[in-house]
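Subject: Structure for your review

Dear colleague,

Please find below the structure that I am handing over to you. My findings follow it, and I would be grateful if you would read them with the model open.

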Amino acid sequence: MKVPEWAYGVPPVSVIGESYCTPYPLELIVKKKINKLSSSEFQVFDLSGNFLLKVDGGVWNFKLKRVLLDPAGFPILTLRGKALAFRHKWKAHAGESTDDTSNILFSVKQSHPLQIKKQINIFLANNFKKKEPDFHITGAYTSLSFKVYEGRRLIAEVKHNFTLESFCKGKEKYKVKVYPEVDYAFIVALLVILDENDTP
């Protein structure tokens, strides 16, 4: 049996944990549901319908807190954001953090909103003082679809399947393609952050 080329020699991208990296391309469906004005929920499935992750948190919440959970409801990651002059800054903490300075895995900073192409820069915990980000996201401001890069290496693609009907019902859907040996929980966390950044 011939093993695909992408199965060998691909440097892993493990930010939240190696258990979220697979040696093959992974396609995910992310469903967003707005339960009420102060609460939204994301559910993540693979193409076989297996439930992989869940994200809880408020909508239009000043504190901008989201918690990434595994299928058993165990907190994997806490996302904390601050809205500053039309731009958001986020920090991701391992587990269910209550301290804004503890267990930080990465931070996310948004480019200036007047740029034609938006770019989101991601800095790992050991790289906060450097100017060059470890990862970056590119996409148009008119769309929640985007691509994630590690340097020039494309590691994930997200497509927002927007319809007016789904928006009015408070239900939206994303299709996510995660490349081999890339932490899919990390990519889902970035998706949630970008979705929040684009929420009025």
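The accessible surface of the chain comes to about 11300 Å², and carbon and sulfur atoms hold 55% of that surface. Please keep in mind that this is a predicted model. Of the 200 residues in the chain, 46% are buried.

As to the fold, the chain has 12 strands and two helices. Read from the N terminus, the order of elements is β-β-β-β-β-β-β-β-β-β-β-α-β-α. Among contacts with a separation of 6 or more, 37% are made by residues 24 or more positions apart.

The largest nonpolar core has 46 residues. Helix H2 supplies the largest share of this core, namely 11 residues. The residues with the most contacts inside the core include Leu-28, Leu-53, Phe-106 and Phe-186.

The aromatic rings deserve a separate look. The structure holds four aromatic pairs. One of them joins Phe-45 and Phe-51 in a tilted arrangement, with 5.6 Å from centre to centre and 45° between the planes. Phe-45 has a relative accessible area of 17% and is therefore buried, since the limit for that term is under 20%. Phe-51, at 31%, is partly exposed.

Leaving aside residues up to four places away in sequence, Phe-186 touches Val-15, Ile-16, Phe-106, Ile-122 and Phe-135.

Finally, two lysines lie over ring faces. Lys-31 is placed over the face of Phe-45, at 5.3 Å from the ring centre. Lys-109 lies over the face of Phe-123, at 5.6 Å from the ring centre.

Yours sincerely,
A colleague

Note on methods:
Residues are numbered from 1 along each chain as its sequence is written. This is a predicted model: local features need pLDDT of at least 70, side-chain atom pairs count only at pLDDT 80 or more; totals for chains, interfaces and linings use all residues. Side-chain values use heavy atoms; hydrogens and water are left out. Rings of Phe, Tyr and Trp (its six-membered ring) pair if their centres lie within 6.5 Å; planes under 30 degrees apart count as stacked, over 60 as edge-to-face and the rest as tilted. Buried means under 20% relative accessible area, exposed over 50%, partly exposed in between (1.4 Å probe, protein chains only). A charge sits over a ring if NZ of Lys or CZ of Arg is within 6 Å of the ring centre and within 35 degrees of the ring normal. A nonpolar core is a set of buried Ala, Val, Leu, Ile, Met, Phe, Trp, Tyr and Cys residues joined through side-chain atoms within 4.5 Å. Helices (H or I, at least four residues) and strands (E, at least two) are DSSP runs, numbered from the N terminus. Contact means heavy atoms within 4.5 Å. Accessible areas come from the Shrake-Rupley method with a 1.4 Å probe; for residues, only the protein chains shown count as cover.
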